[in-house]
Amino acid sequence: QVHLQESGPGLVNPSQTLSLTCTISGGSITTNYLSWIRQPPGKGVEWMGAIAHDGSTYYNPFLKRRTSISLTSRNQVALQLSSVTPEDTAVYYCAMGNGLGSGARDEYDYWGQGTQVTVSS
């Protein structure tokens with residue numbers, strides 16, 4: 001059974017870089033895409049970007065300038081979001097599926113439980 005787990009600091013200061021890790025157990029992204037998705041409080045989900053098994057990356061054009069997704073090992077994917085503001089406060093999820101998707105839950109085969117990140121001084 002594939003399991004995804006997000007980890008990282010729950011509080012980030014404004015203007016700093018948010019760094020999260022998604023650890024994949026029971027499988028890998030050898031034939032899939034690993035996406036990062038977030039949901040701000042009271043708002044819908046937002047697809048941030050994804051990485052394929054070969055390291056190819058794909059980004060939401062509205063976040064591309066500030067987002068970086070990388071394979072840090074065979075079963076870990078990192079997310080970095082720079083120059084954060086309070087508007088980046090959200091629950092951040094990693095999800096894996098056969099395509100990039102748009103962030104909807106039923107587009108992915110596996111989801112992490114999500115991790116709350118608050119941007120505040």
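This is a predicted model: local features need pLDDT of at least 70, side-chain atom pairs count only at pLDDT 80 or more; totals for chains, interfaces and linings use all residues.

Residues are numbered from 1 along each chain as its sequence is written, and side-chain values use heavy atoms, leaving out hydrogens and water.

**Overall build**
- The protein has 11 strands and zero helices; both are DSSP runs numbered from the N terminus, with strands (E) of at least two residues and helices (H or I) of at least four.
- With a radius of gyration of 13 Å, close to the 14 Å that the globule rule gives for 121 residues, the protein is as compact as a globular protein of that length. The radius is taken over C-alpha atoms, and the rule is 2.2 Å times the number of residues to the power 0.38.
- Along the principal axes, the C-alpha atoms fill a box of roughly 40 × 25 × 25 Å.
- Contacts (heavy atoms within 4.5 Å) with a separation of 6 or more come 54% from residues 24 or more positions apart.

**Inside the protein**
- Of the 121 residues, 41% count as buried, meaning under 20% relative accessible area with a 1.4 Å probe and protein chains only; exposed is over 50%, and partly exposed is in between.
- The largest nonpolar core has 24 residues, and those with the most contacts inside it are Leu4, Leu18, Leu34, Trp36, Leu79 and Tyr92. Such a core is a set of buried Ala, Val, Leu, Ile, Met, Phe, Trp, Tyr and Cys residues joined through side-chain atoms within 4.5 Å.
- At least two residues of this core come from each of β3 (18-25), β4 (33-39), β5 (46-52), β8 (76-81), β9 (90-97) and β11 (115-119).
- A second, separate core of seven residues includes Trp47, Ala50, Tyr93 and Tyr108.
- Leaving aside residues up to four places away in sequence, Leu4 touches several others, among them Cys22, Leu34, Cys94, Met96 and Trp111.

**Two loop residues with positive phi**
- Most residues other than glycine have a negative phi.
- Ser15, in the loop between β2 (11-12) and β3, has a positive phi near 80 degrees. Its relative accessibility is 52%, so Ser15 counts as exposed.
- Ser83 sits in the loop between β8 and β9 and has a positive phi of about 50 degrees. Its relative accessible area is 41%, so Ser83 is partly exposed.
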